[in-house]
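Subject: Structure for your review

Hello,

Here is the structure we discussed. Please look through it first; my notes follow below.

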Amino acid sequence: MTIQLGGLRAAHEERIYFEDARFILDGGEEVVVARSEIPGVNMADLFARHKARYYLPALFCRPGLRVLDFPCGTGYGAEVFAPFGVEYQGLDIYPVTLEYARKGYGRLGAAYGAGDLCRPQLRAECYDVVACIEGLEHIPMESQSGLIRELRRSLKEDGVLVVSSPENPTGRSGKSEHNKYHVGELTKADFLALLRSHFPADKVELLTHRATLSTGKRSNCFYGICHK
């Protein structure tokens, strides 16, 4: 069986594929991945925006530190972190994406494994830096507190969590009106309240980035920087 991914046919997964790839899964299925192309979208801008977000958690990276990227998507975050000499672990729920990541970025020493944002099972006090980029909005709001609790538990003392959340422009938290895969978009107040329910208020900082999304909508995206 051949699985075709990439471009619009992969958009429902909201994964970005930077390069073409072809490989065989453990079950014998052949996977053919095409570099993402979305008609009418400036892909150079889209690729740059997706990769640039990882430079925020990279600010806290140093040689020998352990970094968790959850969800890691197609694994390209490893390319941003690699020059800093960290031990990188990427987790994602989608087997095809994980194999794509291994094929594309395993050469950098990156390790990838399965992980579910709604049922995270992480080792306590294992990571120095945790990046949860474009993950929170993809799980129901009732699962978000448990995720943040588990990410905090996985941090070593003095560790840092960087977590993103697009703003729900309706003025209330809930499902997105523009992206059916965003089931838990938050307001700024609710995002801060969520983070401060697990970290001391004086150890939570907020950065706001405004960008034009692939949908053509202008949107705010919040980045919470949480210090354990």
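Buried means under 20% relative accessible area, exposed means over 50%, and partly exposed lies in between, with a 1.4 Å probe and protein chains only. This is a predicted model, in which local features need pLDDT of at least 70 and side-chain atom pairs count only at pLDDT 80 or more, while totals for chains, interfaces and linings use all residues. Residues are numbered from 1 along each chain as its sequence is written, and side-chain values use heavy atoms, with hydrogens and water left out.

Salt bridges

There are 13 salt bridges, each a side-chain nitrogen of Lys or Arg within 4 Å of a carboxyl oxygen of Asp or Glu. One joins Asp128 and Lys156, whose closest N and O atoms are 3.4 Å apart. Asp128 belongs to strand S7 (residues 127-132) and Lys156 to strand S8 (residues 155-166), so the pair ties together parts 28 residues apart in sequence; strands are DSSP runs of E, at least two residues, numbered from the N terminus. Asp128 is buried at 16% relative accessibility, and Lys156 is partly exposed at 27%. Through shared partners, salt bridges also join Lys51, Glu79 and Arg107 into one network.

In another salt bridge, Asp116 and Arg119 have their closest N and O atoms 2.8 Å apart. Asp116 is buried at 19% relative accessibility, whereas Arg119 is exposed at 59%.

Sheet

Seven strands form an open sheet with mixed pairing, in the order S6-S5-S4-S7-S8-S10-S9; two strands pair if DSSP finds at least two bridges between them. Strands S6 (111-114) and S9 (204-212) are the edges, each pairing on one side only.

Regards

Notes. Helices (H or I, at least four residues) and strands (E, at least two) are DSSP runs, numbered from the N terminus.
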